[in-house]
Amino acid sequence: MHTLYWKPSSGSLAPMALLEETGLPYSMVKVDADAGEHKSEAYKRDVHPLGLIPALKLRDGRVMIESAAIVAYLADLAPERQLAPAPNSSDRAFYLQWLVYGAATLYPAYIRFYHPDYHRVREGDDEAVQELALTALNEAWKAVETAFTDGRPFLTGERCTAADIYIAMMALWHPDKKTFKPACPGVDRMQAAVWQRPAAAKALALHAR
């Protein structure tokens, strides 16, 4: 059985949604981030060396980190659910592209926006850091929107994949929903479709509590 270390309203949403979507047996450990549990010596030693969330303990006892990697790993464990294109499919290239894009481009921009103190050089820099991060976010989302210019419902075509679930999680985090939705209607339709799926909706409900 897998064990997911998670906290509400975090990057653990997509891994939890994948666990629900695949039907794999798993348990959950809710990490008390408000109390600093994730920064404890024990957590860093046994779970995540940087004190971050999420993490996934595998069936052999080893612990896996990085949400995008966890999502891809889980999707491949249940090929019958078709949450990842086949390795010999050209769709696989773009599936991997969007997973890595989420982790390498969108995620860091969100970190800069929501944690400007991590990036300040001087006191009073936070507003400038956030403005730059929001500009970067909006540019980054424009690139995602191009995946839907042919009317496809999901990133690689007609079927929802783990990449859609991962990117849909990130769409929930945008700080300016009023401008985001009209600017990225394809993304908005995709993420709405993802969260209408019963398994993904179950994970989302747990994170909203």
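Which residues in α4 meet which residues in α6? The views below come from a predicted model.

**View 1. Helix α4 against helix α6.** Tyr95, Trp98, Leu99, Gly102, Ala103, Leu106, Tyr107 and Tyr110 in α4 meet Ala162, Ala163, Tyr166, Ile167, Met170 and Ala171 in α6. Of the residues in this contact, 13 are nonpolar, 1 is polar and none is charged.

**View 2. How the axes of α4 and α6 cross.** Two packed helices are described by the angle and the distance between their axes. Here α4 spans residues 90-114 and α6 spans residues 162-172. Their axes come within 9 Å and cross at roughly 15°. Angles under 35 degrees count as roughly parallel, so α4 is roughly parallel to α6. The crossing of α4 and α6 is left-handed.

**View 3. A salt bridge between Glu20 and Lys202.** Side chains of opposite charge can pair when their charged atoms come close. The N to O distance for Glu20 and Lys202 is 3.5 Å. Glu20 lies in helix α1 and Lys202 in helix α9, so the pair ties together parts 182 residues apart in sequence. Glu20 is buried, at 18% relative accessible area. Lys202 is partly exposed, at 47%.

**View 4. A salt bridge between Arg197 and Glu21.** The N to O distance for this pair is 2.9 Å. Arg197 sits in the loop between α8 and α9, and Glu21 sits in helix α1, 176 residues apart. Arg197 is partly exposed, at 27% relative accessible area. Glu21 is buried, at 8%.

**View 5. A salt bridge between Arg45 and Asp46.** These side chains meet at 3.0 Å, N to O. Arg45 is exposed, at 58% relative accessible area. Asp46 is partly exposed, at 44%. The model's salt bridge count comes to 7.

Methods:
Residues numbered from 1 in each chain as written. Predicted model: local features only at pLDDT ≥ 70, side-chain atom pairs only at ≥ 80, totals over all residues. Heavy atoms only, no water. Axes fitted to C-alpha atoms, helices over the stretch in contact; angles between N-to-C directions. Helix = DSSP H or I, 4+ residues; strand = E, 2+ residues; numbered from the N terminus. Parallel < 35°, antiparallel > 145°, perpendicular 65-115°, else oblique. Left-handed = near helix turned anticlockwise from the far one by under 90°. Contact = heavy atoms within 4.5 Å. Nonpolar A, V, L, I, M, F, W, Y, C, P; charged D, E, K, R; others polar. Salt bridge = Lys/Arg side-chain N within 4 Å of Asp/Glu carboxyl O. Buried < 20%, exposed > 50% of the residue type's maximum accessible area, 1.4 Å probe, protein only.
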